[in-house]
Amino acid sequence: MKAYDIVIIGGGPAGLAAAVSARKNGIDSVLVLERDKELGGILNQCIHNGFGLHTFKEELTGPEYAARFIAQAKELHLEYKRNTMVMEISPEKVVTYMNRTEGMQQIQAKAVVLAMGCRERSRGALNIPGYRPAGIFSAGTAQRLVNMEGYMPGREVVILGSGDIGLIMARRMTLEGAKVKVVSELMPYSGGLKRNIVQCLDDYGIPLKLSHTVIDIRGKERLEGVTLAKVDEGGKPVPGTEEDYTCDTLLLSVGLIPENELSNGMGIEMNRVTSGPNVNESLETSIPGVFACGNVLHVHDLVDFVSEEATAAGKNAAEYVRQNSGAACGLDGREVLPQKAAIELEAVAGVRYTVPKTINVERMTDKLTVRFRVGAVYKNCYVSVYFDEERVIHKKRPVMAPGEMEDIRLDKAKLLEYPDLKKITIQIEEA
């Protein structure tokens with residue numbers, strides 16, 4: 001069985017950044033497995049700009065951003081396989097993959113980086129009553145049809161959900177000549193970035209109806225119309241608030257789900273809020289030597305943060321391989337790193353989750369970024385961090401919303417002042 005030091009599952013922005021980072025940190029034996037015919041992942045269909053402001057300090061389109069990392073991968077002579085589907089990963093880090101030229105193959109990895117990205121939630125998960133006609137697409141599918149395949153999904157469009165892909169497709173469909181009649185959002189706040197609401201809806205006069213949802217779909221062969229209704233605080237339609245819209249296309253932008261079938265198959269401990277793995281300060285999962293980064297871990301709002309996180313995962317995977325190089329790869333190489341009791345991060349009072357979930361202070365970098373999302377819109381409030389019962393960070397925030405990721409920085413020197421620390425609590429406090 002062929003062996004690699006690091007095998008990376010996924011050749012999108014996370015996988016590429018992790019691979020480049022692993023190589024730059026001294027690991028020559030790196031393999032990237034990508035199921036699509038091209039590297040770059042979802043960025044290839046995101047032809048709008050707004051990428052790269054943090055990473056490259058300039059505004060790029062999705063394909064341009066991906067091309068920067070693909071160029072780095074080729075300069076570093078990284079090995080990758082496209083059109084290759086990973087079927088299974090064992091807890092001992094044996095990766096089973098399949099492609100047309102090699103058939104079914106198995107390889108042994110000393111470390112694995114999970115970078116499979118995420119998928120869209122479908123209509124079937126929403127239970128919208130009505131017919132099942134042609135003309136209902138997820139927003140990402142419509143984006144691929146328009147931007148890569150050259151097909152126009154329809155001419156009169158209603159969009160359900162105000163996630164970033166839905167907002168961007170409202171603008172894209174308008175620019176291609178379609179009439180976007182309304183964007184409907186179940187929640188009382190938008191799920192997308194504020195800048196996308198302004199640039200994609202407000203600039204084109206497209207109405208956003210918050211606390212509204214689709215309650216009926218009409219049309220047998222092709223979609224003919226939908227009915228919207230206002231919803232109450234429990235998400236139930238309010239009788240008498242129904243509005244009918246004629247349309248031939250309904251785009252669904254109703255959330256993204258991390259692609260974790262492989263993670264579940266390995267028996268990795270998962271987070272019920274993010275639907276991604278629980279990780280420690282090194283982005284390492286509950287199986288030592290298996291790391292996760294990007295949208296497979298938790299859904300990000302900016303690809304720059306994906307790259308930053310994946311760069312750390314690649315570096316940490318390289319460090320793991322070096323630490324374990326004296327032992328056989330697999331189960332008997334696991335407990336080499338110092339195993340001091342981990343500090344748990346607890347998300348309460350408006351904070352939905354944290355990445356990472358646990359921290360070993362001895363192994364963390366001098367500054368550790370903890371990312372999280374809030375569960376509602378908060379104005380003029382504070383993000384507070386408690387070390388056990390003592391408040392050590394109290395950061396004022398003018399506004400926070402679920403659509404925008406938040407972060408705080410933990411200082412290793414500060415943590416070392418608390419040798420008996422058991423728990424770090426992150427919460428929202430009113431001003």
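Visitor: What volume does the second largest pocket have, and what makes it a pocket?

Guide: About 640 Å³ in this predicted model, taken as the space filled by probe spheres set on grid points joined across faces, edges and corners. A pocket is an open set of points on a 1 Å grid over the protein atoms alone, where a 1.4 Å probe fits, with protein on both sides within 12 Å along at least five of seven lines. Local features need pLDDT of at least 70, side-chain atom pairs 80 or more, while lining totals use all residues. Residues are numbered from 1 along each chain, and side-chain values leave out hydrogens and water.

Visitor: Which residues lie nearest the centre of that pocket?

Guide: Glu281, Ala312, Asn316, Thr365 and Leu368, out of 27 lining residues (an atom within 4 Å of a point). Helix α7 gives the most, with 9 residues; helices are DSSP runs of H or I, at least four residues, numbered from the N terminus.

Visitor: Why is α1 called oblique to α7?

Guide: The axes of α1 (residues 13-24) and α7 (residues 303-323) cross at roughly 40°. Under 35 degrees is roughly parallel, over 145 roughly antiparallel, 65 to 115 roughly perpendicular, and the rest oblique. So α1 is oblique to α7.

Visitor: What in α1 meets α7?

Guide: Among them are Pro13, Ala14 and Ser21 in α1, which meet residues of α7 including Val303 and Gly314; contact means heavy atoms within 4.5 Å.

Notes:
Axes fitted to C-alpha atoms, helices over the stretch in contact; angles between N-to-C directions. Helix = DSSP H or I, 4+ residues; strand = E, 2+ residues; numbered from the N terminus.
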